2 protein chains.
Amino acid sequence: MRCSRSLVSAIVALRSTSSACRTGSTSGSQALQLLLEGPLSQPPAQHRPHFHELHSRHFNQGALPQAGILQTLAHLRTTAPDPFAIVKDELETVSERLRRSVLTEVPVLSRAASYFFQLGVEGKRLRPTMLLLMASSLSSVVPSTAFLAVDESPPDQHPKECRRRQQRIAEITEMIHVASLLHDDVIDNSDSRRGLAALNTVLGNKTAILAGDFLLARASITLASLRNVEVIQLLSQVIEDLVSGEILQMTTSPDQLVSLDHYVRKTFFKTASLMANSCKAIAILGGQPVEVSKLAWDYGRNLGLAFQLVDDLLDFTGSTKSLGKPALNDLEAGLATAPVLFAAEEHPQLRPMILRKFAEPGDVQLAQQLVFDSQGLDKTRSFAAHHAQQAADVIDAFPPASTEHAQKCREGLMAITSRVLSRTK
Amino acid sequence: MRCSRSLVSAIVALRSTSSACRTGSTSGSQALQLLLEGPLSQPPAQHRPHFHELHSRHFNQGALPQAGILQTLAHLRTTAPDPFAIVKDELETVSERLRRSVLTEVPVLSRAASYFFQLGVEGKRLRPTMLLLMASSLSSVVPSTAFLAVDESPPDQHPKECRRRQQRIAEITEMIHVASLLHDDVIDNSDSRRGLAALNTVLGNKTAILAGDFLLARASITLASLRNVEVIQLLSQVIEDLVSGEILQMTTSPDQLVSLDHYVRKTFFKTASLMANSCKAIAILGGQPVEVSKLAWDYGRNLGLAFQLVDDLLDFTGSTKSLGKPALNDLEAGLATAPVLFAAEEHPQLRPMILRKFAEPGDVQLAQQLVFDSQGLDKTRSFAAHHAQQAADVIDAFPPASTEHAQKCREGLMAITSRVLSRTK
């Protein structure tokens, strides 16, 4: 039965499907080889035992006790650098450019497109933070303070400096991300997002569709300005993956509905592809060799999967207030995420409910109860920790850092892997 | 008053705004100079008096009598080559690749995205026909019959042959065009398109949005495969222009509502930008010098404007059956197109109706009556003829044709300029 496949076989399946097929210029078999035999099994360049212990000690041995992992993470948070603080100033300039770039001559569009870029509501800013840290981690120089001034050049103008081109990747990634949120909100008839009313309910579906299209178009123009065909292809692939993920979610067969393998594939498309391909783009623009840009891709992919698994978890455990959206959103939308799929291995009565998408009265409450009465949440947490560990291993596998600042940024990327696990909203 | 500006001043305004701002690598002032003093006023390389007479003899002297122009066009249709026949076989291969490219692993998406690419319902196929003719018109060789086989390479693979890259421009242009139709249908709540039920009513808004997004993403990936940054920028600009046009239409101020200048600006964004930029992309990929690719852009822009003006005309004069969509669609959607704007110069009582978007009972019928009781339709036809003439002049200004086939294709491009005027659906 597909739903009862072990976690290990699910991960192997994931490695052989989701990742192998999306490596840009790499062939599928090369990517598979890299993932199965590659840098993750090599001795890490800089050993960080606490991360290894943190993420992997209980994995494949059953559930990771929640109290234990959270205690360890609490300790880490006091010692590891704050990843957001390292790039805070540069992030501000990227956000500011993003806000300005949507201020076109047509006011309603600016209002719509800038909705998600308002000061203070940019969401977690995880993606641009990760990308700026990745850029510095792999750089041989400390970025000049000149790059803290807002880039005021038009979107179709080629930035002369490498750092400016990398900042544009952060900008493009946010544009694509927000465009997909806007369209998803219309598609899902969502009524809240990030604690705000969703844009479609504020300005109507019409404007939400157009604002999303505008951001995609502006992202394409900005992308073209980078004059790097491989990078253009990587980010264009992200847009197609986002659509494919949404479609996969809409059109799942009964077998797929209860398949963890299918769930991971969809999650790669909807969340991890953007993070993987944008990290790779940063490395390529930084002039890194193929093997390092592949590592960057793998960091983004694993972080993306961990991020989404925790998101699915929080839909069960977080409150509406801290999450900024209703809890049990997924169940109510008929979606069976990792906690439910794991729980179904113990409680087969979840299967028919998954197949009918929790549509009968009482389904959502019963499913929730069965998830809590199973190892579903713990296994999801372990699965997330496994991917966070893989992301941390990638940082260890990077070639030696050129500067102290690069080393600090790597610690920031490491810290992100634990913050993703410990976040509560 | 903006609404009473003369046709001539409107055209001058058009030249100075819409075209000057969208010339890719050209500066606004250069473009303006080109348009005001450029090739259109130079002696044509190959004099074609019948086209000049046809399009310009009555322009700026008042209305062009409908019977006269149609008689002349009927004569032309019997002597000019059939532009669609010249590239019919190659067009088939482009359409076939288009159909196949949307056959992804997710069936519902294929169904949605291929909806507009079904055999026999591809619409007028004007765009890809124009582009293939443009490619041959400027080529020093007759395209090999090898290019009549369907290109089976994946969308992200760079085509080695120039002709294949040019075919991809035809493919990308149709993808962008159809994506915009899909999203516009959702935005406008349309219920018919090309004589078929609109996709949003068949498959739901959700799938229509996603299918549009899929086509835009696939267009971006295909575009990146061409490895030509200028071409990537040109076609990315088209996507932004399409959005800007739709937004302009949504958010018009009272002054703009009655302004012909604003109408032309919107029409450039919504229709002509795609044709202008794709023609220019064909010339660039064909290795043409800057001045020739600018001419190609100008052909597309003028043809696009003529095409849309006739479309607006047919909304008044065509029947539902021949148009494939309800007549008076624009009025009922609250839109004042060229015939109404011209009519308002004679009948000021149209102004308040335009401003309230024909929302009061009887507005649509009264507006229709006032349009018929004015020179609105004739002036629109003359305006369309003026732009068709400009497009024809561009072909005359091309450097001498290298082959007989290239010459024949130029005649095909000429013939398109008259067919656009004479079409009845």
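Let's start where the two chains meet: 35 residues of chain B are in contact with 35 residues of chain A, contact meaning heavy atoms within 4.5 Å. Keep in mind that this is a predicted model, where local features need pLDDT of at least 70, side-chain atom pairs count only at pLDDT 80 or more, and totals for chains, interfaces and linings use all residues. As for bookkeeping, residues are numbered from 1 along each chain as its sequence is written, chains are lettered from A and ligands numbered from 1 in the order in which they are written, and side-chain values use heavy atoms, with hydrogens and water left out.

The size of an interface is often given as the accessible area lost when the parts come together. Here, chain B and chain A bury about 3500 Å² between them, 74% of it on carbon and sulfur atoms; that area is what the two parts lose on being put together, with a 1.4 Å probe and summed over both.

Now for the charges. Two salt bridges link chain B and chain A, each being a side-chain nitrogen of Lys or Arg within 4 Å of a carboxyl oxygen of Asp or Glu. One salt bridge pairs A:E240 with B:R218, and their closest N and O atoms are 2.6 Å apart. On chain B, the elements giving two or more residues to the side that touches chain A are α7 (107–113), α9 (162–188), α10 (199–225) and α11 (229–250). Helices here are DSSP runs (H or I, at least four residues), numbered from the N terminus. The largest share of that side of chain B, 13 residues, comes from α10(B).

A:R97 forms a salt bridge with A:E171, with 2.8 Å between the closest N and O atoms. A:R97 sits in helix α6 (residues 88–101) and A:E171 in helix α9 of chain A, so the pair ties together parts that are 74 residues apart in sequence. Both A:R97 and A:E171 are buried, that is, under 20% relative accessible area, while exposed is over 50% and partly exposed in between (1.4 Å probe, protein chains only).

Helix α9 of chain A also holds A:R168, whose partner A:D151 is in the loop between α8 and α9, so this pair ties together parts 17 residues apart in sequence.

At 21% relative accessibility, A:V150 counts as partly exposed. A:V150 and A:R97 are 53 residues apart in sequence, but 6.1 Å apart in space, C-alpha to C-alpha.
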